[in-house]
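Subject: Handing over a structure

Dear colleague,

Please find the structure below, together with my notes on what was found in it.

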Amino acid sequence: MKKKGRQSLSEPINVLVLDQHASSEKIKSVPYGLLLYWRRLILAFICLSVFLIVAVLFFASHNYFLLKSSERLQSELKEAREYPKQMETVQSKMQELEGKMEKVNTYLSKRGIERVTAEGGQGGLSEELTGDNIEEVLDQYNFYADSLHRDLSNVPLGYPIQGPLTSVFGIRSNPFSKRGIEAHGGVDIKAKRGAVVKAPAQGKVLFAGWKGGYGRCVVIEHDKGFETLYGHLSAIQVKPHQMIDAGHIIGKVGSTGRSTGPHLHYEITRHGKKINPGLFLKDH
Ligand SMILES: [Zn+2]
């Protein structure tokens with residue numbers, strides 16, 4: 001039995017469905033509310049759908065931006081983590097360079113030559129260093145320091161023995177007859193008999209023995225076409241073909257051969273031509 005009075009919205013009611021020509025008929029049972037408010041229901045459904053789509057799009061884009069900013073933060077964090085590593089590399093390269101320059105300076109001071117100092121200024125080291133190229137510049141300087149050290153140790157720098165120059169390179173009066181002039185192919189360094197003579201550069205002993213007017217004599221071959229000769233020695237302490245480092249003791253001062261007293265006759269030749277050893281000595 002149906003209740004009298006107002007129809008409930010959820011209660012089904014029977015609807016007679018007729019086709020266009022009323023040739024067939026169907027009876028459908030539909031809720032009363034649906035029949036009454038179908039337009040509003042469809043509108044509500046559309047509104048809800050639009051709202052859901054907008055909400056989904058909003059959250060998706062929000063997530064996208066969150067993802068992007070998290071990626072950016074992660075890459076910044078990675079860079080920040082790498083920064084100390086980069087600084088460590090720069091610092092170790094700087095230390096390497098300092099070490100190499102110290103090595104060059106130690107070498108030079110052993111050879112009696114002034115220290116090399118790196119002074120900043122126009123075109124100097126400090127001007128060229130900028131954040132991005134710092135490692136590259138340091139690598140370059142390290143390379144230069146290496147080749148500087150290599151070149152320096154191959155060039156006969158400084159004195160083979162400490163002492164005053166008693167005769168310079170070039171034309172001089174004959175020290176024996178005191179008459180006339182003669183060409184002096186090297187320099188004479190005054191020193192006591194027996195004082196040690198050291199090689200001013202690394203090289204290979206070409207000759208060690210008696211050589212006419214030079215008396216007991218040593219000739220050393222260096223890189224880049226250099227040869228050095230040490231004359232009037234009282235003792236020879238190297239053998240032919242021996243490889244020696246800079247500072248190696250090659251013999252002792254004497255007065256053998258054509259000599260007026262104990263001194264070292266020191267010659268430098270380059271590609272077979274005698275050059276002034278004074279150019280390689282401090283203060284000369
Ligand atoms: Zn001489």
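Val17 lies in strand E1, which covers residues 12-18; strands (E, at least two residues) and helices (H or I, at least four) are DSSP runs, numbered from the N terminus. Val17 counts as exposed because it has 9 C-beta neighbours inside 10 Å, where a residue is called buried if 20 or more other C-beta atoms lie within 10 Å of its own, exposed if 12 or fewer, and partly exposed in between, with C-beta atoms placed from the backbone. Leaving aside neighbours within four places in sequence, Val17 is in contact with Glu25, Lys26 and Lys28, and two residues are in contact if their C-beta atoms, placed from the backbone, lie within 7 Å. Ile27 is 10 residues away from Val17 along the chain, and the C-alpha atoms of the two are separated by 5.8 Å.

Before going further, please keep in mind that this is a predicted model, in which local features need pLDDT of at least 70, side-chain atom pairs count only at pLDDT 80 or more, and totals for chains, interfaces and linings use all residues. Residues are numbered from 1 along each chain as its sequence is written. The pLDDT is the predictor's confidence in each residue, from 0 to 100; its mean over the protein chain is 85, and 89% of the residues reach 70 or more. Over residues 120-124, however, pLDDT stays under 50, and the model has 4 contacts beyond four places in sequence for that stretch. Where pLDDT is low, the predicted coordinates should not be read in detail.

Among contacts with a separation of 6 or more, 60% are between residues 24 or more positions apart.

Next come two of the helices. The axes of H1 (residues 32-110) and H3 (residues 134-154) come within 9 Å and cross at roughly 20°, which means that H1 is roughly parallel to H3. Here axes are lines fitted to C-alpha atoms, for helices over the stretch in contact, and angles run from 0 to 180 degrees between N-to-C directions; angles under 35 degrees count as roughly parallel, over 145 as roughly antiparallel, 65 to 115 as roughly perpendicular and the rest as oblique. The residues of this contact divide into 13 nonpolar, 4 polar and 7 charged, where Ala, Val, Leu, Ile, Met, Phe, Trp, Tyr, Cys and Pro count as nonpolar, Asp, Glu, Lys and Arg as charged, and the others, Gly among them, as polar.

Beyond its neighbours within four places in sequence, His149 is in contact with Lys100, Lys103, Val104 and Tyr107; Val104 is 45 residues from His149 in sequence, yet 5.6 Å from it in space, C-alpha to C-alpha.

Finally, which phi values do His241 and His271 have? Phi of His241 is near 75° and phi of His271 is near 50°, each a positive value in a residue other than glycine. His241 is found in the loop between strands E10 (226-236) and E11 (243-244), while His271 is in the loop between strands E13 (263-270) and E14 (273-275).
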